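Q: I would like a close look at one part of this protein, namely its charged surface. Please set that part in the context of the chain as a whole.

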Amino acid sequence: MEWLTNLYPVSIGKIAVSVVAVLYSADFVTSAVAAFGISKKLAKLEDMMEELTAYLQTTKLYETKEEISDRLEEIRAFNLAEAAEKSVQRKQSSQNCWRSAFLFLKIIWKRKRSLRDVWMNSQKNTYLQGKNPTLSENV
């Protein structure tokens with residue numbers, strides 16, 4: 001594992017960790033806000049449904065209690081499906097954000113690797129030609 005950490009300077013590592021930490025924090029905060037918002041809305045919706053059910057039962061707009069229950073279940077199913085769709089969209093957005101971060105790190109890694117290869121080839125050529133300044137000074 002040490003060979004991997006030696007490929008990058010500490011400053012690049014700090015930047016990469018900072019980027020990943022910011023993305024993770026943003027994802028966590030948005031997920032938490034969304035979860036709390038949905039639970040509050042669902043609780044309010046549940047209260048409204050109960051009030052509506054009580055009102056409809058007293059007004060006798062429907063013939064039977066079963067009709068009221070069936071209609072309310074349809075409304076609940078629709079609202080839960082909408083909440084699930086929003087959750088999937090947030091998840092996709094978060095995944096896209098992570099993909100971008102890892103793509104950024106991959107580009108940095110490839111660039112660092114190509115620069116290292118160029119430097120290694122120049123050092124090898126210099127050494128093979130006998131023009132290595134450190135060897136000629138010591139001899």
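Which residues gather in a patch of negative charge on the surface?

A: The model is a predicted one. In it, the negative patch on the surface brings together Glu-66, Glu-67, Asp-70 and Glu-74. One of these residues, Asp-70, is placed in helix 3, which covers residues 65-128. Asp-70 counts as partly exposed because its relative accessibility is 48%, and partly exposed residues fall between the buried limit of under 20% and the exposed limit of over 50%.

The protein chain contains 4 helices and 0 strands, and its pattern along the sequence reads α-α-α-α. It has 139 residues, of which 10% count as buried.

Lys-40 is located in helix 2. Lys-40 counts as exposed because its relative accessibility is 57%, and the limit for exposed is over 50%.

Helix 2 itself is made of 50 residues. From its first C-alpha to its last, helix 2 reaches 72 Å, which is close to the 74 Å expected at 1.5 Å a residue. Helix 2 has buried residues too: Ala-16, Leu-23, Ala-34, Met-49, Thr-53 and Leu-56.

Take Ala-34, which lies in helix 2. Ala-34 counts as buried because its relative accessibility is 12%, and the limit for buried is under 20%. Ala-34 and Arg-90 are 56 residues apart along the chain, yet their C-alpha atoms are separated by 8.8 Å.

Charged side chains also meet in a salt bridge, and the structure holds 1 of these. The pair is Asp-117 and Arg-116, with a distance of 3.4 Å from N to O. Asp-117 is partly exposed because its relative accessible area is 35%. Arg-116 is likewise partly exposed, with a relative accessible area of 33%.

How values were computed. Residues numbered from 1 in each chain as written. Predicted model: local features only at pLDDT ≥ 70, side-chain atom pairs only at ≥ 80, totals over all residues. Heavy atoms only, no water. Helix = DSSP H or I, 4+ residues; strand = E, 2+ residues; numbered from the N terminus. Buried < 20%, exposed > 50% of the residue type's maximum accessible area, 1.4 Å probe, protein only. Expected span 1.5 Å × (residues − 1). Patch = residues over 30% accessible without salt bridge, like charges linked within 9 Å, V, L, I, M, F, W, Y side chains within 5 Å. Areas by Shrake-Rupley, 256 points an atom, 1.4 Å probe, with all protein chains shown as cover. Salt bridge = Lys/Arg side-chain N within 4 Å of Asp/Glu carboxyl O. Lys, Arg positive; Asp, Glu negative; His and termini not counted. Charge placed at Lys NZ, Arg CZ, Asp CG, Glu CD.
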